[in-house]
Each structure stands twice: as C-alpha cells, then as structure tokens.
Amino acid sequence: MAISGLVITFNEEKNIGKCIDALFKVCDEVIVVDSLSKDKTVEIATAKGAKVISQAFLGDGPQRTHGLPFCKNDWILNLDADEFLDADAEEFILKEKYLVGNYDAFSFRIKNFLADKLIDFAGWYPDHKVRFFNKKTAGPSPSIVHQKIIAQNETKVAVHILHYGWDSLEQIITKKNQYSGWHAQQLYDQGKRVNAFKPVLNGTVAFVRCYFFKNGILNGLDGLSISMIQAFFSYMKYAKLIKIQKANK
C-alpha cells in the first residue's frame, strides 16, 4: 500500500534532511509544506527528493490540510520535521498491520527527548498523537495550535515516534510561551471566557498533576523543571486569554 509523507516546516534545516530520509523508508513520496523559511530548509528538502509547497503559515491544522491535495496516496504519514519513526512504528507500517480492522487513523506513542534524554515523566509519556491516517475519511482539525486528527474510526497502537524537539529547557519555555499565545487566541475565538482565578488554578493543578501524580518528583531537578514548565504553559494560556478579553471589551 503506497503512503505519502507530509511535513510542515519553518526554518528546519537542522532536521528536515534526516526527517525526509526516514520518511522515505516507508513512503513513496514526501510532500513538504514550507512556511517561507529563511534558512536552507527548501534547498535541503528538494535535494532529498521531496516536493516542496510554499505557503505562508495558516496555523497548525490548516497548514497540514493545505498539503493534503498534493499527496497522491490516501494513507498519510504526517510527521513534524523533528519527529522520526521508531523501529516498532516502521514495522507496523511496512508490514501493513494498519490494514487489519476498519481503522482510518492511528494514534502512536510519542517519546519526547530533551537533547538526548528521554522525558518519560511529568505527563510526557505516553503522549499519544495521531500521525498516520487515511485522508478519505480523516484529516486535521482547523485548530491554529495543537490540531487533532478528526477521524471516523481511530485507534491507539503501542508503537512509537521519536520526538527530538528541544536542545535546552530555554527552548521548551520559548516554544511553550509562543504556543500559549496562539492557544489563548484560539480559545477566545471559540467563545471561551475566564475570570482572574483561572490562570492560578490551572497552573497549580498542572504542577501538582505533573510533579506528584505523573512521577516528576521521582526525577530530580529535571522532573521539577518540566513540571514547572507545564504549569507555566497552563498559567500563561489563560493569563493571555484574560488580556485578550480586556483588550476586546
């Protein structure tokens, strides 16, 4: 069964070559939707044999949806540029195990890494995401941030994607801060309104859950740091929502 690889990019020259090489292990084509990168992302992707579509960033979900018509196959493996299939996921696809049953979307387990350290605590594992789906009946939601695949018959499978998203805690904080702004605007556009207690409450709950109930406490300074970052994201998301509410009164 032929599969199309789909990747959205912006300034991913560090990862895109390795990502495309990995995709070609299980895909017969790779489509890259690039958000007008200023580095060598497009040059590297083209040299690796991918078809590159240039499109100013529309948001996480819409950007992925934009790439689907360029994919000639129904089955889509939609990874981020810093994600790679683990050996068990490669086997799952190459042996066509996804054809067993009437499923149109598969949620894989994500192994998140900070540099080369696996973060398997503070709620970061198992982190499930749908990265493999049939575009005939499934596709990305229109969400600007943290899109989900909307499918008719989704299932979880115990195979893995390796996510090398950050080299430092500072990078995680920067990205979480960016995402919190996008998420706040998305919540506002969806009609969500909160009071001044919401940021503090959600930030506190996020920390307690990650540190005490998701084994952050058992992982030393890293466990404390990741739990605090999760609390920071939850707090800032709603703090920025309140700021948007006040600006639009």
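User: Which residues form one aromatic cluster here?
Analyst: In this predicted model, the cluster consists of Trp75, Phe92, Tyr98, Tyr103, Phe106, Phe108 and Phe132.

User: And how many aromatic pairs does a search of the whole structure find?
Analyst: The search finds 18 aromatic pairs. One of them joins Phe57 and Trp182.

User: What is the geometry of the Phe57 and Trp182 pair?
Analyst: The pair is tilted, with 5.9 Å from centre to centre and 35° between the planes.

User: Where in the chain do those two sit?
Analyst: Phe57 belongs to the loop between strand S3 (51-54) and helix H3 (60-67), while Trp182 is in helix H5 (residues 169-189). They are 125 residues apart, and the pair thus links distant parts of the chain.

User: What other aromatic pair does Trp182 form?
Analyst: Trp182 also pairs with Tyr179. That pair is tilted too, at 5.7 Å centre to centre and 35° between the planes. Both residues lie in helix H5, three residues apart, which is about one turn of the helix.

User: How accessible are Phe57, Trp182 and Tyr179?
Analyst: Phe57 has a relative accessible area of 40% and is partly exposed. Trp182 is at 31% and Tyr179 at 24%. Trp182 counts as partly exposed because its value falls between the 20% limit for buried and the 50% limit for exposed. Tyr179 is likewise partly exposed.

User: Changing topic: which lysines lie over aromatic rings?
Analyst: Lys176 lies over the face of Phe233, 5.1 Å from the ring centre. Lys198 has its charged end over the ring of Tyr238, at 5.1 Å from the centre of that ring.

User: What does Leu85 touch?
Analyst: Leaving out residues up to four places away in sequence, Leu85 touches Val26, Leu77, Leu79, Glu90, Ile93, Phe108, His160 and Ile161.

User: What about Ser107: buried or exposed?
Analyst: Ser107 counts as buried, at 3% relative accessibility. Ser107 is found in strand S6. Beyond its neighbours within four places in sequence, Ser107 is in contact with His128, Lys129, Val130, Glu154, Thr155, Lys156 and Val157.

User: Which residues does Ser227 touch?
Analyst: With residues up to four places away in sequence not counted, Ser227 touches Ala122, Phe207, Cys210, Tyr211 and Gly216. The side chain of Ser227 reaches the backbone nitrogen of Tyr211 at 3.4 Å.

User: How far apart are Ser227 and Tyr125?
Analyst: Ser227 and Tyr125 are 102 residues apart in sequence and 13 Å apart in space, C-alpha to C-alpha.

Definitions and conventions:
Residues are numbered from 1 along each chain as its sequence is written. This is a predicted model: local features need pLDDT of at least 70, side-chain atom pairs count only at pLDDT 80 or more; totals for chains, interfaces and linings use all residues. Side-chain values use heavy atoms; hydrogens and water are left out. Contact means heavy atoms within 4.5 Å. Rings of Phe, Tyr and Trp (its six-membered ring) pair if their centres lie within 6.5 Å; planes under 30 degrees apart count as stacked, over 60 as edge-to-face and the rest as tilted. Helices (H or I, at least four residues) and strands (E, at least two) are DSSP runs, numbered from the N terminus. Buried means under 20% relative accessible area, exposed over 50%, partly exposed in between (1.4 Å probe, protein chains only). A charge sits over a ring if NZ of Lys or CZ of Arg is within 6 Å of the ring centre and within 35 degrees of the ring normal. A polar contact is a pair of N or O atoms within 3.5 Å; within protein, one must be able to donate a hydrogen and the other to accept it, and residues adjacent in sequence count only if both atoms are side-chain atoms.
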